[in-house]
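Subject: Handover of a structural model

Dear colleague,

Please find below the structure that I am passing on to you.

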Amino acid sequence: MTRELRSARYGAVLTFVLAGLMVGTMTVRIPALTDKLGLSEAMVGTILLVWGLGALVTMQSMRRVMARVGSRTLLRAGGPLTALGLLGVALAPDLPLLLVAVALFGMAFGTVDVAMNAQGSAVEQAYGRPLMNGMHAGWCVGAISAGGLGSLAIAAGLPFTVNVALIALVSLPVMVLLGRTYLPEPPAAGTARQGRRRMPPIVYLLGTIMFFAFMVEGTVADWNGLYLRDELGAPEAVAALGYPVFEVGMLVARLTGDRLRVRFGVRGMLTVSGVATAGFFAVVLLAPSALVAVSAMFFVGLGVATISPLTLSLAGTATDTPGPAIAQAGAMGYAGLLLGPVVIGFLSDATSLRTALGVGVLLGVLIALAGRLLPRREPAAELGSLPAREAVEAAA
């Protein structure tokens, strides 16, 4: 194994960490942002929607770009631009400029999200064994770190601008340095047409599964605290624990997911993950107390955590070049992250929040059923024979 390959793996993992740190920092300090600019809850929702749409627009356009330039070039540009976008969010003095900064931040992040998963797929194929879950664990580390650092910043009395700007200014040079570690992706025949032509059906199936999984993640992130407080009567401090506990469960699952994939395969893991997600989400909704519900959130995170890394990894082996397929599946999945909380909001208005959150149980069942449609033999079983290894050897 070459030093370049080890550096590429560490660089990919650190890219996931920094992406989670930057996005998590903005999310954690939203209350301080509302105080800074006097924003209403409706305006906060608008800001998050603008950020998400910016990311989604970029993701949708990545198929052709990835086919032409590859993940290394995009990460070298998108990583620093994401840090600069976050700096713009920190420094925005009013709502109009904040919306512009948030849109740019979202667009830059959309580039990084697709490219870092494509880079992870290239590294995984060069290693010849599953690694994607471990890389996504880096995102969890970054998100959890954002929460911890945000809490420290609040305790120290740092305002939104200082806290977010510091994270951006630290991330910027690190992203530039990481650009040296990324692997080149081997050119494939017909790359000019790769971004335009229709993907194999399995890519759309994987994108659908990820859509379901991201709907679950978005639902938990945006509605879990409100459910614990309003439906189960939890104090604010206890209600705030639900999402961090969920993230810890995701981190544990992703740290062990690659080894489990070797043993059970993607098809088996997705089936079990879907059943576990549905079952433990049901426990959350039927819980007699907030403590039981918070504990169950750990297992919901454990169940849903490996779904997006597994689907992205398998999508990366569906064509000669991983980037366009990952861009397609990723854009479909990310749409679920945006749509999930909105669906829950409308359903809760029509029924109740507890009833609306039953969608999470249904999504787990759909993941399990869709997982059974995947082929028993996955292309990733032959990772070591894929062209990415040749590209690494050529670069070395």
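The notes that follow cover salt bridges, a surface patch, a helix pair and several individual residues.

Please bear in mind throughout that this is a predicted model.

Salt bridges

The count of salt bridges comes to 2. One of them joins glutamate 124 to arginine 261, with 3.5 Å between the closest N and O atoms. Glutamate 124 belongs to helix α5 (residues 95-127) and arginine 261 to helix α11 (residues 242-286), so this pair ties together parts that lie 137 residues apart in sequence. Both glutamate 124 and arginine 261 are buried.

A salt bridge is also formed by the side chains of aspartate 230 and arginine 229, at 2.9 Å from N to O. Are these two residues buried, partly exposed or exposed? Aspartate 230 has a relative accessibility of 47% and therefore counts as partly exposed. Arginine 229, with a relative accessible area of 34%, is partly exposed. The cut-offs behind these terms are under 20% for buried and over 50% for exposed, with partly exposed in between. In general terms, side chains of opposite charge can pair when their charged atoms come close.

Nonpolar surface patch

A nonpolar patch on the surface is formed by Ile144, Val248, Val252, Phe280, Val283, Val292, Phe299 and Leu302. Together these residues have about 540 Å² of accessible area. Which helices each supply at least two residues of the patch? They are α11 and α12 (290-304). The largest share, 4 residues, comes from α11. As regards α12, valine 292 is located in this helix. With a relative accessible area of 34%, valine 292 is partly exposed.

Crossing of α4 and α5

The crossing in which α4 passes α5 is left-handed.

Individual residues and distances

Arginine 29 is placed in the loop between α1 (3-28) and α2 (30-37). Its relative accessibility is 5%, so arginine 29 counts as buried. Although arginine 29 and valine 164 are 135 residues apart in sequence, their C-alpha atoms are 8.0 Å apart in space.

Valine 44 lies in helix α3 (residues 41-60). At 16% relative accessibility, valine 44 counts as buried. From C-alpha to C-alpha, valine 44 and leucine 33 are 8.9 Å apart, with a separation of 11 residues in sequence.

Alanine 213 is found in helix α9 (residues 201-231). Its relative accessibility is 0%, and alanine 213 accordingly counts as buried. How many residues separate alanine 213 from arginine 3 in sequence, and what is the distance between their C-alpha atoms? The separation between alanine 213 and arginine 3 is 210 residues in sequence and 35 Å in space.

With kind regards

Key: Residues are numbered from 1 along each chain as its sequence is written. This is a predicted model: local features need pLDDT of at least 70, side-chain atom pairs count only at pLDDT 80 or more; totals for chains, interfaces and linings use all residues. Side-chain values use heavy atoms; hydrogens and water are left out. A salt bridge is a side-chain nitrogen of Lys or Arg within 4 Å of a carboxyl oxygen of Asp or Glu. Buried means under 20% relative accessible area, exposed over 50%, partly exposed in between (1.4 Å probe, protein chains only). Patches are made of residues with over 30% relative accessible area and no salt bridge: like charges are joined within 9 Å, nonpolar side chains (Val, Leu, Ile, Met, Phe, Trp, Tyr) within 5 Å. Accessible areas come from the Shrake-Rupley method with a 1.4 Å probe; for residues, only the protein chains shown count as cover. A crossing is left-handed if the near helix is turned anticlockwise from the far one by less than a right angle, and right-handed if clockwise.
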